[in-house]
Amino acid sequence: MRILLYTGKGGVGKTTVAAATGLALAARGLKTLVLSVDAAHSLADAFDLDGRLADKRHGVPVAVAGNLWIQEVDVTEEIGRHWSDISGYIATLLAVTGIEEVLAEELAIFPGMEEVSALLYVNRYAREEAYDVLILDCAPTGESLRFVSLPPTLDWYMKKLFRIERSILKVARPMAEKVTNLPIPSERYFDNVKALAGKLDGVDALLKDPKTTTVRLVTNAEKIVLRETQRAFMYFGLYGFTVDAVIVNRLLPDGLGDPFFEKWRRTQATFLAEAKRYFDPVPIWTVPLEDDQVVGAAGLAKLGASLYAGLDPAASFRRTPPYRFQKRAGAYVLTLDLPFVEKEDVELAVASGDLVVTLGNFRHHIPIPRTLAGSVPTKAKVEAGQLTIRFERSTAEANRG
Ligand SMILES: Nc1ncnc2c1ncn2[C@@H]1O[C@H](COP(=O)(O)OP(=O)(O)OP(=O)(O)O)[C@@H](O)[C@H]1O
Ligand SMILES: [Mg+2]
């Protein structure tokens, strides 16, 4: 199954482009599902379904055209399905601290649950080979980054914290129950967390393999939107995701002959040219501003046809993962493509076998391969849009062997 992730700044046209892509793929005979990962769903509206989805359950795909389904993930519904024991525990925990029950239930929908719910579907559909293509209509960039950074975070939690917590509780439960009136998580809670982890297993690898998953950044030819797109490009790279196209939406057509729009057109031309320079060799695709909002299958199909003229929307347009380890002159070098990064923006650290790279508010643990055990990063540099880190065997290791 191919996975296409569409994201970008708020309002740039993500849902419209994702929906149009769905129609273009379905027309090519590919069984396609567009899954809305944004809590503020507007996917059904893009297809002009006028509440047709509202009377159905959100958690199921709804057919909107031949070969094409859409699905909006509803977190409250998902909680009933996957989270009852987990959120139940959190709600009890909050309730004993004196919060009203209703509020406790609200709070038990902790940030990230929406994203985890969507990830569960991604993994399930991939395992079942239910569709040829899965399109993710994501929330604006910041939240999407939380989505893509979740699998490694969860994995870390499961492996390190969860195991420790469970074994401590086994020993301490009888005592803890005597001395504290805080609820202690039940064995069922742990079993639930474990089952959940099982269902998510492998999703990280799936999302980071450019043959399966690529990210398409939707943007507009304006300075501020483009700056955010550059940052998004970098952060996705940091998390190991391959961006294989940048889609510039809402370009004014030539020959409007109106001075007001002519000025806008020149601005767009400047920033379109800039985008091409910035993102090279990543392809830039363009979408014209239509003369009206793009709502309903006919408008979406027209937009899709002009966007993908002659291209297969399901192809991977870039196959190089954004970071890789290579052996160079006897030492291992980690290269990260971070085209817009400045040296002072990067912080590096090593923690429990991981290289921890921090860029602004985003941090990612990159596991250091086993072959490098005993090596330490000795040199890092930022040059020509790449961060390279050289690993050499530490003196202690060298002395030993
Ligand atoms: N090329 C276009 N020409 C004309 N209208 C467009 C175009 N692209 C998108 N629109 C319109 O712009 C509005 C916003 O688009 P859309 O909902 O796809 O944006 P979004 O990026 O998904 O927004 P959000 O951040 O809220 O999820 C919609 O009314 C849509 O019909
Ligand atoms: Mg949207």
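Predicted model: local features only at pLDDT ≥ 70, side-chain atom pairs only at ≥ 80, totals over all residues.
User: Happy to start with a single residue. Why is Leu334 called buried?

Analyst: Good place to begin! Leu334 has 21 C-beta neighbours inside 10 Å, and a residue is buried if 20 or more other C-beta atoms lie within 10 Å of its own, so Leu334 counts as buried. Leu334 belongs to strand E10, residues 331-337.

User: Which residues is Leu334 in contact with, leaving aside its neighbours within four places in sequence?

Analyst: Those residues are Tyr323, Phe325, Leu355, Thr388, Ile389 and Phe391. Contact here requires C-beta atoms within 7 Å. As for Pro377, 43 residues separate it from Leu334 in sequence, with 9.4 Å between their C-alpha atoms.

User: On to helix H10. How do you know that its span agrees with its number of residues?

Analyst: Helix H10 covers residues 259-279, which is 21 residues. At 1.5 Å a residue they should span 30 Å, and the end C-alpha atoms are 30 Å apart, so the two values agree.

User: And what puts the buried residues of H10 on the same side?

Analyst: The buried residues in H10 are Gln268, Phe271, Ala275 and Phe279. They cover an arc of only 75 degrees around the axis, so they sit on the same side of H10. Their cover includes helix H9 (223-238), E7 and strand E8 (284-288). The face turned away from that buried side carries Pro259, Lys263, Arg266, Ala273 and Arg277, which are exposed.

User: What makes H1 a mostly covered helix?

Analyst: The count does: 13 of the 14 residues of H1 are buried. From first C-alpha to last, H1 reaches 20 Å, close to the 20 Å expected at 1.5 Å a residue. Just after H1 comes Gly29, with a positive phi of about 90 degrees.

User: Now the ligand. How many residues surround ligand 1, and which are the closest?

Analyst: Ligand 1 has 18 residues around it, the closest being Gly13, Lys14, Thr15, Thr16 and Glu290. Two elements give two or more residues to this shell: helix H1 (14-27) and strand E7 (243-251). H1 gives the most, with 3 residues.

User: What is the make-up of the shell around ligand 1 by class?

Analyst: The shell has 8 polar, 6 nonpolar and 4 charged residues. One thing to keep in mind when checking the polar count is that Gly is placed among the polar residues.

How values were computed: Residues numbered from 1 in each chain as written. Chains lettered and ligands numbered in written order. Helix = DSSP H or I, 4+ residues; strand = E, 2+ residues; numbered from the N terminus. Buried ≥ 20, exposed ≤ 12 C-beta atoms within 10 Å, placed from the backbone. Contact = placed C-beta atoms within 7 Å. Near = placed C-beta within 6 Å. Expected span 1.5 Å × (residues − 1). Arc of directions from axis to C-beta.
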